[in-house]
Amino acid sequence: MPAKAGLTPQRVVDAALAIVDESGAEALTLTRVAERTGVAPPSLYKHVAGLPELRRLVRLRVLAEFDEAIRTATLGRAGEAALRSLATAYRNYLRAHPHRYPFLEVAPDPDDPEELAMAERVVSVPFAVLRGHGLTGSAAVHATRCLRAAIYGFTRLEATGGFGLPEDIETTFEYLLDMVVHTVTGLRQQQ
């Protein structure tokens, strides 16, 4: 198979993400990426060192896209509006890319400065939103974990058909947002 002109690490990651979006993270292999990019599998090694590096590059791209989504959603907002926008952007990203969950689920590799920096950038958004509610330090860490778990859990249940009762899911999501806002407001009052 002849090498495809113009293949770059970015195009390799683009192809990998397309595979993930179509078939899930477990379907990501160098063979499938090679097929998609029109090269022989060994040719990919000119652009990525192997599957672990490719997964790392995909994770960095997903984190960057997710960061942009939540950062854009909260820009210029404060208080309850910022918290609701953050939660909604989180849900919207996961709904748009349901197979990318595995790349957002794990803590960053402590030996990877680039991944650590990107993860810190992502978490700085909820920390800033929560700071606007008077939560800092360990309180912000706990609240961010709970917010993440609530939105992640809701979205996963939604994606897998876990909400089988006939009530409107958007109304349920608004209930969840009300609960989150009420809880965050209550935490501020406890400090």
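**Basis.** I worked from a predicted model, where local features need pLDDT of at least 70, side-chain atom pairs count only at pLDDT 80 or more, and totals for chains, interfaces and linings use all residues. I number residues from 1 along each chain as its sequence is written, and side-chain values use heavy atoms, with hydrogens and water left out.

**Core.** I looked up the largest nonpolar core and found 53 residues in it. Such a core is a set of buried Ala, Val, Leu, Ile, Met, Phe, Trp, Tyr and Cys residues joined through side-chain atoms within 4.5 Å; buried means under 20% relative accessible area (1.4 Å probe, protein chains only). Elements giving two or more residues to this core include α1 (9-23), α2 (30-37), α3 (51-74) and α8 (169-190); helices are DSSP runs (H or I, at least four residues), numbered from the N terminus. The most comes from α3, with 9 residues.

**L54.** L54 is among the residues with the most contacts inside the core. Leaving aside neighbours within four places in sequence, I find L54 in contact (heavy atoms within 4.5 Å) with V12, V13, A16, L28, L30, V33 and V48.

**D67.** I placed D67 in helix α3. D67 is buried, with a relative accessible area of 3%. Beyond neighbours within four places in sequence, D67 is in contact with R121, V122 and V125.

**Helix α2.** I listed L30, V33, A34 and T37 as the buried residues of α2. Seen down the axis, they fall within an arc of 100 degrees (taken from the directions from the helix axis to the C-beta atoms), so they line one face of the helix. These buried residues pack against α1 and α3. Just after α2, G38 takes a positive phi of about 75 degrees.

Terms used: Buried < 20%, exposed > 50% of the residue type's maximum accessible area, 1.4 Å probe, protein only.
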